[in-house]
Amino acid sequence: MSDALTGLTLGGARDRLEAGEISSLELTEAHIAAMEAARPLNAIITETPDHALAMAKASDARRARGRVGAMEGLPIAIKDLYCTAGVRTTAASNILGNFIPSYESTVTAKLWDAGAVMLGKTNMDEFAMGSSSMFSFVGPAISPWRRHGDDRDLVPGGSSGGSAAIVAARAALAATGTDTGGSIRQPAAFTGIVGMKPTYGRCSRWGIIAFASSLDQAGPLTRCVTDAAIMLGVMAGHDPKDSTSVDAPVPDYEAALHDGVKGLRVGIPAEYRVDNMPGEIDALWRRGIAWMAARGAEIVDISLPHTKYALPTYYIVAPAEASSNLARYDGVKYGLRSRHDKLIDMYEQTRADGFGAEVQRRILIGAYVLSAGYYDAYYLKAQKIRTLIADDFRAAFDKVDVVLTPTAPSDAFAVGDKADDPIAMYLNDVFTVPASLAGLPAISLPAGLSGGGLPLGLHLIGKPFDEATLLCAAYALEQAAGFEALPGSVTP
Amino acid sequence: MSIDKATVANIARLARIHVAEDRRAALAGELSNILGWVEQLGEVDTDDVAPMTSVVEMRLPERDDVITDGGCRDDVLANAPETEAGFYVVPKVVE
């Protein structure tokens, strides 16, 4: 029974709750048990089973009174970057190891208002800086997948790796993530699930611990495109507390899913065919193109000429914003304080003790590119190239409706790999970063397996605020791909 | 652009992160690698390009300049490492 409950999609569980076949309490209990069984994955930093049971009971009571939200009674996990009132929120950092917010992020508040149930707070790269979820103060999150003939632990990708691992392991129906340069989409690709980054401004950033404010977006990690549509519909919407949140109506994403892709113009950017791209990634991409064509889409070759500059641009802009955002961790207002009798020494020791190596590296890079004499050469230059990258997409979207690319340049790597080579790690995001810099919505969905038996993702990029078309295209691709593989630990 | 140990010490000071003397050389190497890699942006002609200031095309919202929140001192102080009589406590700053 409980396997059947944890194997459901959000949509499937919603329908069974609605039909009265199961209660939220049963569903939640099954997921708490699955979450406990999944502890070896280190996917959760803080489990909140008592919270979950209370929310599930309250949900069942609401349903009995006829009040049913869009995610009523559905147990999900929350990335530990979202502030949750009264529940420890760490950003996977020692510096916030004991931080208990007194307020709730707007997006999680919307999820609870819609009836969702919180199972726990998921592991991630510290302050969302990373592509592996290795750089966490509680140690690495681990993927439920294994490469054929190789029993090494694999990364679930990052930074939303704990969210991806727990959803892939069938221990949460869905999870929230945040995406700054690929932090939802790359983990989704590595773990065989769907991850969506909406348009910048679509979801409120209020109450989400900031990394790079001009790039950060909230989004869902789910097991299918329909679930992404359901969950995005709840997470999205205007919030006066975030001045970059856009006041635009949120369409019914689920309703538009089945419109089909006949006549949809799908752009294939020449510049994404990067040097030394593995053959199986290229083959997957070609299959994706063929699937879209077979369903009546029009395939259009396009050019995004500044693509190769996106990653170095990102690694100026994001650290610069991070160095500014993370200045608030000073050992005074909240978080860790290292004892010292001089104020400046206290600041410096607190930040040395509280931040991990990659976070320190990015703060230092950011401080450097913003410092006197270098601002124009680095930061201003990067913001100009960012304009060119956005212009590339703008020109392309005159000719096409969506852009199709691979999500990541490889399948998942082993825990510990690339840990000492920041640039090799950064290259994971080569296909996801351009859409982030341009603020565009994008989605990754599982589309096949690598030679090693690991999931590979296809990536669709859409026009600003046209998540509906993006989801519709993703749904068509999902139907064509028919991806049904499960990690070894999960019984179908 | 290559960064030396003195530059590391300087930016660490700016960023208020203590970097021990024996870590500076290694960090100088790591940061130099990253900065060397971003140097390729120099190839791009950006003479007549405006820097991006807003990711999405929108007008910044305005609201009346009135207090909308507050009166929650204890909440604000709840996570502070050290407080006294409703204030944050820091090491002595003025001799």
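1. Chain A of this predicted model has 16 helices and 11 strands. Both are DSSP runs, numbered from the N terminus: helices are H or I with at least four residues, strands are E with at least two. The radius of gyration of chain A is 21 Å, close to the 23 Å that the globule rule gives for 492 residues, so chain A is as compact as a globular protein of that length. That radius is taken over C-alpha atoms, and the rule is 2.2 Å times the number of residues to the power 0.38.

2. The C-alpha trace of chain A spans about 65 × 55 × 50 Å along its principal axes. Of its 492 residues, 67% count as buried. Buried means under 20% relative accessible area, exposed means over 50%, and partly exposed lies in between (1.4 Å probe, protein chains only).

3. Now the contacts (heavy atoms within 4.5 Å). Among those in chain A with a separation of 6 or more, 77% join residues 24 or more positions apart.

4. Salt bridges come next. Side chains of opposite charge can pair when their charged atoms come close. Here a salt bridge is a side-chain nitrogen of Lys or Arg within 4 Å of a carboxyl oxygen of Asp or Glu. Over all chains, the structure holds 30 of them.

5. One salt bridge joins R337(A) and E82(B), at 3.3 Å from N to O. This pair crosses between chains: R337(A) sits in the loop between helix 10 (310–325) and helix 11 (343–354) of chain A, and E82(B) in the loop between helix 3 (73–77) and strand 1 (83–84) of chain B. R337(A) counts as buried because its relative accessibility is 11%. E82(B), at 29%, is partly exposed.

6. R361(A) forms a salt bridge with E30(B), with the closest N and O atoms 2.7 Å apart. Again the pair crosses between chains, from helix 12 (residues 357–370) of chain A to helix 2 (residues 24–38) of chain B. R361(A) is buried at 10%, while E30(B) is partly exposed at 24%. Shared partners link E358(A), R361(A), R362(A) and E30(B) into one salt-bridge network.

7. In chain B, R73(B) and D74(B) meet in a salt bridge of 3.5 Å, N to O. Both residues are exposed.

8. A note on method. Residues are numbered from 1 along each chain as its sequence is written, and chains are lettered from A and ligands numbered from 1 in the order in which they are written. Local features need pLDDT of at least 70 and side-chain atom pairs 80 or more, while totals for chains, interfaces and linings use all residues; side-chain values use heavy atoms, without hydrogens and water.
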